[in-house]
Amino acid sequence: MLELQNIKPEPITKGDASWYKPLFAACFCKEDPWLEMLGDDKYEGFHMNRQAFVFISAVDDSTDILTIGVYPEHRKKGLAKSLCEWVLNKAPIGHSFFLEVECTNVVAINLYIKLGFQEISRRRGYYPQPVGYALDAVVMRYKKEF
Ligand SMILES: CC(C)(COP(=O)(O)OP(=O)(O)OC[C@H]1O[C@@H](n2cnc3c(N)ncnc32)[C@H](O)[C@@H]1OP(=O)(O)O)[C@@H](O)C(=O)NCCC(=O)NCCS
């Protein structure tokens, strides 16, 4: 079994479509919109062992966490937390991170709270649903203080 401390985050490139696209689909049941963005300098993607991924977009002193996912069979082993901590640790003091998360996604919200993110606002009806009302987005922020 792989030990978490032995898995180093690595960059995702456009050439990684063959393993990355199935990973994204396993997490979100839809096609990935992020890989194509990698041509633009402000977008970056990272993975751990092809089991977990994160995409970010950085401008000046703030970074948006755009998406994160882990293969269902590899969840609850600390992969997402470890990958996010690595991203947060790369930034200088004073840097801010922002993200939006569906208000019903308790697992992801727990992860972000554990990392030190705090809710700063809500976007009402941000995520349309196939049936019923659109769900709110919880907007969260983490400021690197030390
Ligand atoms: C959200 C997701 C990325 C978490 O990945 P993960 O590798 O399983 O998370 P970790 O093992 O690093 O867990 C970190 C923390 O998240 C929270 N968490 C993880 N799984 C949880 C669960 N099933 N129930 C409640 N909280 C959970 C806990 O706070 C956990 O810390 P703890 O283990 O010390 O209690 C993963 O569930 C996923 O891919 N979900 C589908 C895609 C998604 O919703 N992405 C987020 C979009 S904003």
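This report walks through a predicted model of a protein, from its overall fold to its core, its helices and its ligand shell.

## Overall fold

Let's start with the big picture.

Along the principal axes, the C-alpha atoms fill a box of roughly 40 × 40 × 35 Å. Of the 146 residues, 22% count as buried. Take the contacts between residues at least 6 apart in sequence, and 57% of them join residues at least 24 apart.

In soluble globular proteins, nonpolar side chains tend to be buried together. Here the largest nonpolar core has 27 residues, and Ala52, Phe53, Val54, Ala80 and Leu83 are the ones with the most contacts inside it. The elements giving two or more residues to this core are α1 (17–28), β2 (43–48), β3 (52–59), β4 (62–70), α2 (79–90), β5 (96–102) and β7 (135–143). β3 supplies the largest share, five residues.

Leaving aside neighbours within four places in sequence, Leu83 is in contact with Pro9, Phe46, Met48, Ala52 and Val54. Then there's Gly45, which sits in strand β2 and counts as buried, with 22 C-beta neighbours inside 10 Å. Not counting residues up to four places away in sequence, Gly45 touches Pro11, Ile12, Trp34, Leu38, Phe53, Val54 and Phe55. Pro9 lies 36 residues from Gly45 along the chain, yet their C-alpha atoms are separated by 9.8 Å.

## Helix α2

α2 has twelve residues and spans 17 Å from its first C-alpha to its last, close to the 16 Å expected at 1.5 Å a residue. Which of its residues are buried? They are Leu79, Ala80, Leu83 and Cys84. These four cover an arc of only 125° around the axis, which puts them on the same side of α2. An α-helix has 3.6 residues a turn, so residues three or four places apart point the same way.

As for what covers the buried residues of α2, the list includes β2, β3, β4 and α3 (106–115).

## Around the ligand

There are 18 residues around the ligand, and Arg75, Ala80, Lys81, Asn110 and Leu111 come nearest. Elements giving two or more residues to this shell are β4, α2 and α3.

α3 gives the most to the ligand shell, with five residues. Of the ten residues of α3, the number buried is one, so this helix lies largely in the open. Just after α3, Gly116 takes a positive phi of about 110°.

Most residues other than glycine have a negative phi. The loop between β2 and β3 holds two exceptions, Asn49 and Arg50. Neither is a glycine, but Asn49 has a positive phi of about 55°, and Arg50 has one of about 60°.

How exposed are they? Asn49 is partly exposed, with 15 other C-beta atoms within 10 Å. Arg50 is partly exposed too, with 15 other C-beta atoms within 10 Å.

Methods. Residues numbered from 1 in each chain as written. Predicted model: local features only at pLDDT ≥ 70, side-chain atom pairs only at ≥ 80, totals over all residues. Core = buried A, V, L, I, M, F, W, Y, C linked by C-beta atoms within 7 Å. Buried ≥ 20, exposed ≤ 12 C-beta atoms within 10 Å, placed from the backbone. Contact = placed C-beta atoms within 7 Å. Expected span 1.5 Å × (residues − 1). Arc of directions from axis to C-beta. Near = placed C-beta within 6 Å.
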